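Please read the points below with the sequence and the 3D view side by side. They are written for a student who is new to reading such models.

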Amino acid sequence: MVIKRHPNCKAGEMAAFIRNLVDGNIATETTSSIHDIIPGAQAVVTLNSGVGFESLLYEKPVVCLGRADYGGVAFPLRDTRTSATEMEEAFGFIMDGRPPKGHRQHLHVMLKKYQVDSRDETAFDRALLRALCIYHSENQMVL
């Protein structure tokens, strides 16, 4: 198991948790780029980081410990009282080595509808205008 800590995580509890895994030879900690790590991974476990979304781009299964935009195509494992059956299901999901059905469609929608290439001024303007129109139609603004 390879662990990469979020660069902004400063929690001492997390440092201790990772140190215990490394000292027990259960895991290796790295600071490498996720783009160097993910291709060699069998699966990725994350809370709700963009790393989960990136992993889906690499067609890796993702176990999600929190709520995420890509949660519909990740295996949810959110409760600290997870049953043995749920753990077995998560392990099976990881061992399958493939993302769930529908992940490509999900990626397509996320990349084409919700993400905007900000280098393209016209695309950015259109996306902003669309967002403002949706906001206005959903929140009948009083002028």
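The numbered points go from the whole chain to single residues.

1. **What kind of model this is.** This is a predicted model, in which local features need a pLDDT of at least 70 and side-chain atom pairs count only at pLDDT 80 or more, while totals for chains, interfaces and linings use all residues. Residues are numbered from 1 along each chain as its sequence is written, and side-chain values use heavy atoms, with hydrogens and water left out.

2. **Helices and strands.** The chain holds 6 helices and 5 strands, where helices (H or I, at least four residues) and strands (E, at least two) are DSSP runs numbered from the N terminus. Read from the N terminus on, the order of the elements is β-α-β-α-β-α-β-β-α-α-α.

3. **Overall dimensions.** The radius of gyration of the chain is 19 Å, whereas a compact globule of 143 residues would have one near 15 Å; the value is taken over C-alpha atoms, and the globule rule is 2.2 Å times the number of residues to the power 0.38. The C-alpha trace spans about 60 × 30 × 30 Å along its principal axes.

4. **Surface and burial.** Of the 143 residues, 25% count as buried, and here buried means under 20% relative accessible area, exposed over 50%, and partly exposed in between (1.4 Å probe, protein chains only). The accessible surface of the chain comes to about 10,500 Å², and 55% of this belongs to carbon and sulfur atoms; the areas come from the Shrake-Rupley method with a 1.4 Å probe, and for residues only the protein chains shown count as cover.

5. **Contacts across the sequence.** Among the contacts in the chain with a separation of 6 or more, 38% are between residues 24 or more positions apart, a contact being heavy atoms within 4.5 Å.

6. **Charges.** There are 16 positive and 17 negative side chains, and the centres of the two sets lie 2 Å apart. For this count Lys and Arg are positive and Asp and Glu negative, with His and the chain ends not counted, and the place of a charge is taken as NZ of Lys, CZ of Arg, CG of Asp or CD of Glu.

7. **Two residues with positive phi.** Most residues other than glycine have a negative phi. N25, however, has a phi near 55 degrees, a positive value in a residue other than glycine, and the residue is placed in the loop between helix 1 (12–23) and strand 2 (28–29). With a relative accessible area of 71%, N25 is exposed. E59 also is not a glycine and has a positive phi, of about 60 degrees; the loop between helix 3 (50–57) and strand 4 (62–64) is where E59 lies.

8. **The salt bridge.** Which residue does E59 meet in a salt bridge? The partner is R104, at 2.3 Å from N to O, and by the rule used the count comes to 1 salt bridge; the rule asks for a side-chain nitrogen of Lys or Arg within 4 Å of a carboxyl oxygen of Asp or Glu. Because E59 lies in the loop between helix 3 and strand 4 and R104 in helix 5 (residues 103–114), the pair ties together parts that are 45 residues apart in sequence. E59 is partly exposed at 33% relative accessibility, whereas R104 counts as exposed at 54%.

9. **Y58 and I38.** Y58 lies in the loop between helix 3 and strand 4 and is partly exposed, with a relative accessible area of 31%. Leaving aside neighbours within four places in sequence, Y58 is in contact with H35, I38 and P39. Is I38 buried or exposed? I38 is buried, with a relative accessible area of 3%, and its place is the loop between helix 2 (34–37) and strand 3 (44–46). On the same terms of counting, the contacts of I38 are V51, E54, S55, Y58 and K60.

10. H106 is placed in helix 5 and is buried, with a relative accessible area of 19%; not counting residues up to four places away in sequence, H106 touches D69, Y70 and V73. K113 is also placed in helix 5 but is partly exposed, at 48%. The C-alpha atoms of K113 and M1, which are 112 residues apart along the chain, are separated by 34 Å.
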